[in-house]
Amino acid sequence: MRQFTADELRKTWKQFYIDRRHVDVGAVSLVSDGSTGVMFNVAGMQPLMPYLLGKKHPLGKRLCNVQGCVRTNDIDSVGDKSHVTFFEMMGSWSLGDYFKEERCKWSYELLTEVFGFDADHLAATVFAGDENAPRDEEGAGYRIASGFKKENIYYLPAEDNWWGLEYGPCGPDSEMFYIADRQDCGPDCGPGCSCGKYTELGNDVFMQYEKHHDGSLTPLKQKNVDTGWGLERILAFLNGSRDVYKVDVFAPVISYIEKAANVKYDEDEKLTRSMRILADHTRTAVMLIGDEAKLVPSNTGAGYILRRLIRRAVRHARILGLKKANILEIAGIFMDEIYKESYPNLTRNHEFVLTELGREIDRFESTLENGIKEFKKIISAGAAEGKKEIAGKDAFFLYDTFGFPFELTVELAAEEGLTVDTEGFERAMKEQKQKARDSQNFAATLESGVSAFDTLDESVSCTFTGYTQTVSEGRIVAMSQQDALADELTKGQKGTIITDRTPFYGTMGGQVGDIGIIENGEARFEVAETVHVAGGRTAHIGTVLEGSFKCGDTVTLKVDEENRAKTCRNHSATHLLQKALREVLGDHVEQAGSYQDPDKTRFDFSHHQAMTAEELSRVEDLVNEKIAEALPVVTEEMTMEEAKKTGAMALFGEKYGDRVRVVKMGDFSIELCGGTHVSNTSHVGIFKIVSESGVAAGVRRIEALTGSNARNYYKNVEDNLNNAAKLLKSNPSDISEHIRKLQDELKALRSENESLKSKEAQAALGDVSDQVKEVNGVKLLAAAVKGVDMNGLRDLGDQMKTKLGEGVVVLVSEADGKVSLVAMATDGAIKKGAHAGNLIKAVAPKVGGGGGGRPNMAQAGGKNPAGIADALKEAENVLGQQIHA
């Protein structure tokens with residue numbers, strides 16, 4: 001077997017498929033878009049689900065990538081040699097293109113030719129068949145035809161070799177295994193056995209059926225192939241280990257923990273388990289925080305999973321005697337060493353990762369020690385009474401007072417051989433919420449790190465009036481300061497206010513939230529940011545400028561109208577832009593992300609190549625044409641079914657309710673959208689694209705300006721043009737012609753300069769006819785010349801080769817302490833064995849350098865001028881060996 005580093009394995013996997021006409025689609029965010037009902041991307045195929053279901057992929061039918069994934073369903077198993085919460089899935093797909101024959105052939109080539117597995121040690125499983133689908137003899141046949149031994153093909157039932165959802169695409173899969181040199185553990189020993197003889201390497205899923213609601217199967221019109229290989233597992237196996245923590249994605253971290261904690265990996269089972277959990281959970285936390293989604297710890301959803309991972313890492317760091325600084329060092333190793341090249345987001349978000357990770361560690365450590373002491377008191381009291389279960393009210397006490405996640409209490413209890421009363425915990429949680437509803441005591445202190453509004457009663461709501469108003473009255477129903485709910489906010493305090501009605505738009509769907517003022521008589525609260533919080537409420541974040549605010553106050557909320565108008569212009573322009581892109585580039589264009597604030601609009605979209613200047617001009621012109629047409633912008637609320645009938649565009653992965661808002665701009669653009677817009681396209685004013693760039697494989701980004709921002713852009717361009725004209729002593733209209741003349745003059749001067757340098761080089765070389773030697777019947781000119789750069793040396797070499805007729809030319813020059821070497825060989829010399837590339841490769845070390853090239857021409861650089869004489873002698877020796885050979 002061939003050994004790999006992780007970087008080598010990633011590159012090898014992708015190149016293997018690129019060579020077979022696949023397109024690398026790149027990786028997507030670790031945080032799921034919600035379309036598949038899970039919080040994280042848990043498999044490489046997950047982001048491609050709509051295309052496996054039949055949607056046309058903009059990049060074609062053959063795809064590949066290496067996708068980061070997060071799975072925490074078996075988090076309690078982390079700590080052994082193989083389980084991890086973050087892993088990389090190497091995948092390839094056929095979307096209605098090739099099928100079993102090519103797939104089986106390529107899997108075998110990967111295993112034997114690329115990874116170097118002995119064919120005699122390979123096994124494969126195929127579907128054994130049942131009452132719903134026949135035995136997969138076709139798959140078995142192609143496995144055997146590709147090179148697998150017939151006796152190493154195993155037929156297994158659907159529970160082992162069938163993939164499918166409740167209904168939709170499904171089919172048999174075929175797993176590949178390595179067979180170790182050991183005896184069978186028994187008569188039933190085979191793939192899937194836990195004895196260790198068979199190690200799974202990869203899996204090919206053949207989606208050839210469609211399962212209907214009645215359970216019946218029919219052949220699919222589009223047959224797909226989904227191939228997935230786990231990078232960490234295959235990497236460990238190729239490097240002779242069954243322990244993923246010994247490969248290069250973990251090894252530097254394990255080594256650091258050994259030194260920092262003064263422990264040895266694999267010597268103590270309990271400590272080794274803590275080392276693995278610390279390494280794994282810190283890695284996953286780094287990946288999630290550093291991800292494009294920039295996930296942060298919270299008390300709900302994916303943020304809660306992240307919080308749990310960090311807190312488990314902290315606890316196991318404490319077992320090893322390590323502190324916050326050590327955990328941050330480990331995070332740094334992952335970002336600065338292990339994943340620096342393969343995950344550039346970690347470099348971009350380096351400080352953000354360390355800051356958020358450090359904050360969460362601080363939050364937890366401040367209460368953890370006291371919490372563990374209290375936990376020990378609880379289990380000691382229980383042990384005295386002979387109890388084997390921690391009461392639900394005690395678990396809730398730890399949660400409510402010390403910020404202990406319930407899962408941590410369960411985990412600590414399990415280590416003591418105890419269980420926890422889950423139902424009792426849930427009852428205590430409900431009782432707590434009921435008390436909050438009864439008293440509405442918003443000033444109650446909550447646990448550290450818990451979002452202040454998470455426990456508000458569902459009846460505390462907020463109605464948005466901002467589609468038709470920028471000023472409205474509302475009543476304050478909740479306030480917070482830092483992490484706690486508050487009864488009052490006074491002058492100078494920063495906090496958050498929730499009202500029962502608001503015209504302020506909260507950040508959502510790419511549109512940045514409103515800013516403005518909340519007033520109550522003389523009291524003024526400056527809103528710096530508006531966001532959505534738990535329960536769909538709108539939260540106004542800012543500072544009290546004058547007076548004070550209390551819960552129950554009736555206030556006037558005033559949106560900054562100029563700021564809102566600029567944002568609306570940018571948002572409406574984005575709708576026009578998306579439609580224009582589809583008109584110019586094609587219907588494959590789909591939104592991949594967007595952002596609108598008062599300054600600009602940014603739109604990410606699917607497209608396989610950079611846009612040309614002509615395409616950008618056509619898109620910009622079309623948008624401005626629709627602005628000039630003064631199209632009415634009409635918003636209607638309707639059911640999702642009604643919206644589909646209008647042809648409204650929807651964003652894939654976005655979750656829509658039963659009723660949606662449809663924004664129409666004349667007959668040109670129709671989209672589902674919850675944002676705020678201008679009432680007529682003419683209000684956008686003007687639209688200017690300022691940049692177009694690539695942000696990921698198959699994803700382009702346009703940034704554009706509207707209204708006064710666009711006019712300011714043109715003013716800056718005009719000012720720069722006038723300044724350039726002044727420097728050139730020309731008129732702005734004549735700048736292009738003036739620059740062209742300067743370029744012509746520069747070109748002539750450079751040509752003259754090169755000619756002079758060539759003459760100087762020839763003069764420096766002098767008459768070289770007496771320096772020509774004959775080496776085994778081949779002429780050799782090996783000479784040194786001073787002060788000639790590489791370009792001049794190549795020109796001189798061409799001239800000398802012409803004068804020589806047939807033979808080999810080797811020229812060496814020193815300029816500014818650096819050495820340049822050039823070797824050239826004529827066709828006749830090459831036929832006799834001369835090779836300029838190999839000659840340079842052998843000679844360059846004499847001057848402290850390296851290089852190479854083709855048989856007829858090669859060059860190198862060096863930094864040791866003292867070795868020039870030796871280099872010329874070596875050139876003669878090497879040529880003699882080449883010709884002699």
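Reply: A residue counts as buried when its relative accessible area is under 20%, and as partly exposed between that value and 50%. The model considered here is predicted.

Me: Is Y198 buried or exposed under that rule?

Reply: Y198 counts as buried, because its relative accessibility is 9%. Y154, at 22%, counts as partly exposed. Across the protein, buried residues make up 48% of the 885 residues.

Me: How is a pair of aromatic rings described?

Reply: Such a pair is described by the distance of the centres and the angle of the planes. In this protein the count comes to 27 aromatic pairs. One of them joins W13 and W229, with 5.5 Å from centre to centre and 55° between the planes, and this pair is tilted.

Me: Which parts of the chain does the pair of W13 and W229 tie together?

Reply: W13 belongs to helix 1 (residues 6–18) and W229 to strand 9 (residues 217–230), so the pair links parts that are 216 residues apart in sequence. W13 is buried, with a relative accessible area of 0%, and W229 is likewise buried at 0%.

Me: What kind of aromatic pair do Y154 and Y198 form?

Reply: Their pair is edge-to-face, with 6.0 Å between the centres and 80° between the planes. Y154 lies in strand 5 (residues 153–156) and Y198 in strand 8 (residues 198–211), so this pair ties together parts 44 residues apart in sequence.

Me: Which residues form one aromatic cluster?

Reply: The cluster consists of F4, W13, F16, Y17, F115 and W229.

Me: Where does the charged end of R135 sit?

Reply: The charged end of R135 sits over the ring of Y155, 3.4 Å from its centre.

Methods: Residues are numbered from 1 along each chain as its sequence is written. This is a predicted model: local features need pLDDT of at least 70, side-chain atom pairs count only at pLDDT 80 or more; totals for chains, interfaces and linings use all residues. Side-chain values use heavy atoms; hydrogens and water are left out. Buried means under 20% relative accessible area, exposed over 50%, partly exposed in between (1.4 Å probe, protein chains only). Rings of Phe, Tyr and Trp (its six-membered ring) pair if their centres lie within 6.5 Å; planes under 30 degrees apart count as stacked, over 60 as edge-to-face and the rest as tilted. Helices (H or I, at least four residues) and strands (E, at least two) are DSSP runs, numbered from the N terminus. A charge sits over a ring if NZ of Lys or CZ of Arg is within 6 Å of the ring centre and within 35 degrees of the ring normal.
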